[in-house]
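Student: I would like to learn how to read helix packing and confidence values in a model. Please start with the terms.

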Amino acid sequence: MPWTLLVIAGLFECAWAIGLKYTEGFTRFWPSVFTVATMTASVVLLGFAMRSLPVGTAYAVWTGIGAVGTVLLGIALFGEPANAARLICVGLIVAGILGLKLTST
């Protein structure tokens, strides 16, 4: 269960990072509400996951999921570059996340 919470927390991290782009510096009300709500959900779920998971592992996986998801959403939504070097780097982050999961007790 803690790993499920951690993955969901990471997905909420992607949501708030993308939402932050739409707030235009917190000048738009509804995108700002969405962003603050998803930030809160992300951190709360991370806290619940950390009850059982090591802090270093949980935090690294959480930020990794957020980073990978945000890069991929940036490519899909905002036309950010999807060149080989960027995708290889994203793959390295995914490898790190999987490595931490597989070596976790």
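Tutor: Contact means heavy atoms within 4.5 Å. Helices (H or I, at least four residues) are DSSP runs, numbered from the N terminus. This is a predicted model: local features need pLDDT of at least 70, side-chain atom pairs count only at pLDDT 80 or more, and totals for chains, interfaces and linings use all residues. Residues are numbered from 1 along each chain as its sequence is written, and side-chain values use heavy atoms, with hydrogens and water left out.

Student: Which residues of α2 and α3 meet?

Tutor: On the α2 side they are S42, V43 and L46; on the α3 side, A58, Y59 and W62. This contact divides into 5 nonpolar residues, 1 polar and no charged. Ala, Val, Leu, Ile, Met, Phe, Trp, Tyr, Cys and Pro count as nonpolar, Asp, Glu, Lys and Arg as charged, and the others, Gly among them, as polar.

Student: Is T35 buried or exposed?

Tutor: Buried means under 20% relative accessible area, exposed over 50%, partly exposed in between (1.4 Å probe, protein chains only). T35, found in helix α2 (residues 29-49), has 0% relative accessibility and therefore counts as buried. Beyond its neighbours within four places in sequence, T35 is in contact with W16, G19, L20, T23 and F26.

Student: What is the mean pLDDT of the protein?

Tutor: pLDDT is the predictor's confidence in each residue, from 0 to 100. The protein's mean is 96, and 100% of its residues reach 70 or more. Among its elements, α2 has the highest mean pLDDT (98) and helix α4 (residues 84-103) the lowest (95).

Key:
Helix = DSSP H or I, 4+ residues; strand = E, 2+ residues; numbered from the N terminus.
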